[in-house]
Amino acid sequence: MKIEAIEVLDREIPLKPEYHMVSALGQCTSNRFVVVRLFVDAGIEGLGEATITARWSGETVASVTDVINNLLFPSIKGVDVQDIREINRRMDFVCKHNWFAKSAVEMACWDILGKDAGKPVYELLGGAVRPLGFRSRFSMGAYDVPRAQKRAQELVDMGFTTIKVKVGGQAEADIARVKAVREVIGFNLDLVIDANCGWDVETAIHCVRQLEDARVDLVEQPTPDGDYEGMARLRRETGARVLADDICFNLVHAKELIRNDSCDAISVYPGKNGGIQKTIDIIKYAGEHGIPCTMGSNIEWDIATAAMGHVIVSQRNMAIEDIPGDVLGPSYHEQRVVSTPIDICGPITTINDSPGLGVGELTI
Ligand SMILES: [Mg+2]
């Protein structure tokens, strides 16, 4: 099955008001993403999605569209869609980085492979090692205390058992917010914080110490991008359990994290890591070194969420039972993008066993 043609579309969907995000990366009220339809000569179509936040990845709708149309697709046209590693090699050869653009193309290849084989993508990735329905944590914006407390209560009522609070801004406001959320949710639920690189190491150490009584279960990306030693120091000096996220786009970064003892776990996802295969390479490498992984997010739509789900279901080292991931993106949005949307009910996201990514046709 040779890769024959591609269609690259850009679409925008607003977030539901109660899901507006505020983090160290700024505010998000609407998402404009790129969706691809990839065609092979056997007449099968695959869907892919590039979730795009320039502040996160450096990619924009215009850049992703251009990179796919003028670099990535020409480099893989005519290649056998089964040869995922050759497709990734060619895309990396013509263009550095651009993780989300590459991921959109690569997940469309997996969708085609599954449809051709009559199997869900998780079967192609080794088979299901956990149920198709799995629990996520809720990632709450860096709201002021009254709004954070109101939202925390709503999330508890919805059945969430792990609440993630965005921090990474002004230290005292961050500390007050986290304490206030702990007050609402009590000590039977897990509370994790995510600084999105917004603190320096001194601030991170200060905040974690101030939050001792709030019993934070996990500290996500406390220090700036590239500061492997800062994360290691936070672990050494405070005993905090640290999850690496914004610092880890590829296997090189994962190796640095492990070499420096920087983290207790690594957050991965196909968009950030340049595709499903590269994500699995990181998960497997981390597993060989005793480091569990979980699933991060850029507030995806259904297609990229399905790709995340197939990775979770098929990879034993995705330790989501211990560290739930962020796999709720479609439920944040006013509209769904496919004929078979991902089933999201409160904290539980469930993928299906239809061939390919299992999302049906594009509807936007
Ligand atoms: Mg994060």
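Val35 stands opposite Glu49 of strand E5 in this predicted model. The strands concerned, E4 and E5, pair in the antiparallel sense over six bridges. The chain is assigned two domains, domain 1 (3-117) and domain 2 (123-350), and both E4 (30-40) and E5 (45-50) supply at least two residues to the side of domain 1 that touches domain 2.

**The E4-E5 hairpin**

- E4 and E5 form a hairpin, with four residues between the two strands.
- Gly43 lies in the turn of this hairpin and has a positive phi of about 85°.
- E5 is largely enclosed by the rest of the structure, because five of its six residues are buried.

- The centres of domain 1 and domain 2, taken over C-alpha atoms, are 23 Å apart.
- Contact between the domains involves 35 residues of domain 1 and 33 residues of domain 2.
- On the side of domain 1 that touches domain 2, at least two residues each come from strands E1 (3-14), E2 (21-23), E4 and E5, and from helices H3 (84-94) and H4.
- H4 gives the most to this side of domain 1, with ten residues.
- The residues on this side of domain 1 divide into 21 nonpolar, nine polar and five charged.

**Ser103 in helix H4**

- Ser103 is located in helix H4, which covers residues 99-117.
- Is Ser103 buried or exposed? Ser103 is buried, because 28 other C-beta atoms lie within 10 Å and the cut-off for a buried residue is 20 or more.
- Which residues does Ser103 contact, leaving aside its neighbours within four places in sequence? The contacts are Ala50, Pro270, Gly271, Gly274 and Gly275.
- Of these contacts of Ser103, Ala50 belongs to E5 (45-50), while Pro270, Gly271, Gly274 and Gly275 fall within the bounds of domain 2 (123-350).
- Ser103 and Lys272 are 169 residues apart in sequence, while their C-alpha atoms are 7.9 Å apart in space.

**Helix H13**

- Helix H13 consists of 13 residues, 302-314, and falls within the bounds of domain 2 (123-350).
- From its first C-alpha to its last, H13 reaches 18 Å, close to the 18 Å expected at 1.5 Å a residue.
- H13 is mostly covered, with 13 of its 13 residues buried.

Definitions and conventions. Residues numbered from 1 in each chain as written. Predicted model: local features only at pLDDT ≥ 70, side-chain atom pairs only at ≥ 80, totals over all residues. Buried ≥ 20, exposed ≤ 12 C-beta atoms within 10 Å, placed from the backbone. Contact = placed C-beta atoms within 7 Å. Expected span 1.5 Å × (residues − 1). Domains from an automatic or database assignment. Nonpolar A, V, L, I, M, F, W, Y, C, P; charged D, E, K, R; others polar. Pairing = 2+ DSSP bridges.
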